[in-house]
Amino acid sequence: GTSKHVQGGAVNTTPFDQSVDSVQILLKTDGRHLKARIELLQGPNNLKQSFEVYSSNGYKRPFMAVIETPKDGNVIRIVNTAPLEYPLEATVEPYIVGSSSDDEGMTWAG
């Protein structure tokens with residue numbers, strides 16, 4: 001997937017089609033601290049899940065998760081909560097597309 005540079009204090013949003021049942025998220029840095037909030041929104045500003053991520057070294061210990069995104073109108077919002085001088089690289093891409101699973105929740109990996 002394509003990695004996006006997210007400056008400290010910046011927000012990156014990625015919308016997904018309703019056929020995407022889950023998304024994979026990878027956050028990493030060049031070795032500096034990684035401090036971010038990952039949010040799953042369903043529709044405009046309708047927060048469904050949110051979690052804080054921290055790593056003292058985002059190169060040696062990047063963060064990866066797969067989040068289920070059932071239903072329509074899903075958006076993943078990455079908020080870099082670190083100061084400006086701590087950018088991160090975010091990759092957010094479809095993981096499972098077109099399955100008929102009705103389960104809701106989160107799968108952790110890392």
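Student: Strands here are DSSP runs of at least two residues, numbered from the N terminus, so which strand does Glu-93 lie in?
Tutor: Glu-93 lies in strand E8, and please keep in mind that this is a predicted model.

Student: Changing topic, what is the strand order in the open sheet of 4 strands?
Tutor: The order is E2-E7-E4-E5, with antiparallel pairing. Strand E2 (11-16) and E5 stand at the edges with a single partner strand each, so one side of each has no neighbour in the sheet. From one strand to the next, the twist averages 15 degrees.

Student: How many bridges do E4 and E7 pair over?
Tutor: E4 and E7 pair over 7 bridges, in the antiparallel sense, and Glu-39 has Arg-77 in E7 as its bridge partner.

Student: What else happens between the side chains of Glu-39 and Arg-77?
Tutor: Those side chains meet in a salt bridge at 2.4 Å, N to O. Since Glu-39 lies in strand E4 and Arg-77 in strand E7, the pair ties together parts that are 38 residues apart in sequence. Salt bridges with shared partners join Arg-37, Glu-39 and Arg-77 into one network, the side chains of Arg-37 and Glu-39 meeting at 2.7 Å, N to O.

Student: And is Glu-39 buried or exposed?
Tutor: Glu-39 counts as buried, at 6% relative accessibility, whereas Arg-37 at 24% counts as partly exposed, and Arg-77, with a relative accessible area of 22%, is partly exposed.

Student: How many salt bridges does the structure hold?
Tutor: It holds 3, and one of them joins the side chains of Arg-32 and Asp-30 at 3.1 Å, N to O. Arg-32 is partly exposed at 35% relative accessibility, while Asp-30 is exposed with a relative accessible area of 52%.

Student: Now the core: which residues have the most contacts inside the largest nonpolar one?
Tutor: Ile-25, Leu-27, Ile-38, Ile-76 and Ile-78 have the most contacts in that core, which has 20 residues. Strands E3 (20-28), E4 (34-42), E5 (47-55), E6 (63-68), E7 and E8 each supply at least two residues of this core.

Student: What does Ile-76 touch?
Tutor: Leaving out residues up to four places away in sequence, Ile-76 touches several residues, including Phe-16, Val-23, Ile-25, Ile-38, Glu-39 and Val-92.

Terms used: Residues numbered from 1 in each chain as written. Predicted model: local features only at pLDDT ≥ 70, side-chain atom pairs only at ≥ 80, totals over all residues. Heavy atoms only, no water. Core = buried A, V, L, I, M, F, W, Y, C linked by side-chain atoms within 4.5 Å. Buried < 20%, exposed > 50% of the residue type's maximum accessible area, 1.4 Å probe, protein only. Contact = heavy atoms within 4.5 Å. Pairing = 2+ DSSP bridges. Axes fitted to C-alpha atoms, helices over the stretch in contact; angles between N-to-C directions. Salt bridge = Lys/Arg side-chain N within 4 Å of Asp/Glu carboxyl O.
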